[in-house]
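Grab a pencil and work through a few exercises on the model shown below. Try each task yourself before you read its solution.

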Amino acid sequence: MKRVFFVSSTGGHLTELLQLKSLFIEYDYQIITEKTATNAYLKNEYKTHYLWYGTKHNMTTYWFIFPFNCFLSLIYFLRYRPSVIVSTGSHTAVPLCYIAHFFKKKVIYIETFANIHTKSMAGKLVYPIADYFIVQWEEMLRLYPKAIYGGWIF
C-alpha cells in the first residue's frame with residue numbers, strides 16, 4: 001500500500017486537508033500538522049504527528065520554531081518514507097514538500113481556497129517543485145499557468 005503524508009498547517013489549511021479524508025482509507029497515511037488545542041483531538045481519530053505551532057506573524061519565535069520543524073519534518077519523512085506528499089499549505093508544509101522533492105517523491109500541492117486572485121507564500125515556494133499543483137479557482141490559472149484546475153474541495 002502506498003504511503004502518503006497529508007500535510008498542512010493548522011486552521012483553514014487543515015480544514016481543507018481534512019476534506020480529503022475519504023482518501024485516507026486507500027493509503028498508508030499520516031497527517032502532519034501543527035499541534036494546537038483545537039486540533040489535539042486528531043490523534044484520537046487519525047494517524048497524526050505534530051509539529052510545533054508557530055506563524056510567520058510572530059517573528060520572535062518563528063525563527064526558532066521553523067528550523068526545529070524542518071528537522072522534525074525530516075525525521076518524520078525518514079521514519080515513514082512516504083511516496084507522496086499531499087498538502088494544502090501553508091508554511092508548515094513547505095519543508096516537507098522540499099524534502100520529498102529532494103528524495104524524488106511526488107508532491108501534490110493544493111493552493112488554498114482562500115486565494116482567488118493572489119498567490120500564497122507557500123504556493124509561490126512549492127509551485128516550482130510540485131509534480132501536481134492544483135488550484136481551486138479557475139482565475140488562479142493565470143497566476144499558475146502549469147496548474148491543474150481541480151475545483152473546490154469543500
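What follows is a set of exercises, each with a worked solution.

Before you start: this is a predicted model, in which local features need pLDDT of at least 70 and side-chain atom pairs count only at pLDDT 80 or more, while totals for chains, interfaces and linings use all residues. Residues are numbered from 1 along each chain as its sequence is written, and side-chain values use heavy atoms, with hydrogens and water left out.

**Exercise 1. The overall build**

Task: Work out how many helices and strands the protein chain has, and in which order its elements run.

Solution. Start with the count: there are 5 helices and 7 strands (DSSP runs numbered from the N terminus, with H or I over at least four residues for helices and E over at least two for strands). Next, read from the N terminus, and you get β-α-β-α-β-α-β-α-β-α-β-β. The radius of gyration is 14 Å, close to the 15 Å of the globule rule for 154 residues, so the chain is as compact as a globular protein of that length. (That radius is taken over C-alpha atoms, and the rule is 2.2 Å times the number of residues to the power 0.38.) As for the box around the C-alpha atoms, it is roughly 40 × 35 × 30 Å along the principal axes.

Now look inside. Of the 154 residues, 50% count as buried (buried is under 20% relative accessible area, exposed is over 50%, partly exposed lies in between, using a 1.4 Å probe and protein chains only). Finally, take the contacts with a separation of 6 or more: residues 24 or more positions apart account for 50% of them (a contact means heavy atoms within 4.5 Å).

**Exercise 2. Charged partners**

Task: Find which residues are linked in a network of salt bridges.

Solution. Side chains of opposite charge can pair when their charged atoms come close. The rule here asks for a side-chain nitrogen of Lys or Arg within 4 Å of a carboxyl oxygen of Asp or Glu, and it gives 2 salt bridges.

- Step one: Asp28 pairs with Arg3, with the closest N and O atoms 3.3 Å apart. This joins distant parts of the chain, since Asp28 sits in strand S2 and Arg3 in strand S1 (residues 3-8), 25 residues apart.
- Step two: Asp28 also forms a salt bridge with Lys47, again with closest N and O atoms 3.3 Å apart. Here strand S2 is linked to the loop between helix H2 (42-45) and strand S3 (48-51), and the two residues are 19 apart.
- Step four: check accessibility. Asp28 is partly exposed at 23%, Arg3 is partly exposed at 38%, and Lys47 is partly exposed at 37%.

**Exercise 3. Buried or exposed?**

Task: Decide whether Thr48 is buried or exposed, then do it for Ser22.

Solution. Thr48 lies in strand S3. With a relative accessible area of 3%, Thr48 is buried. Leaving aside neighbours within four places in sequence, Thr48 touches Ile31, Thr33, Leu42 and Lys43. Ser22 belongs to the loop between helix H1 (12-18) and strand S2 (28-34). Its relative accessible area is 51%, so Ser22 is exposed.

Now try a whole helix: H4 (residues 93-102) has 7 of its 10 residues buried, so it is largely enclosed by the rest of the structure. Among the buried ones are Val94, Leu96 and Ile99. After H4 comes Lys104, with a positive phi near 60°.
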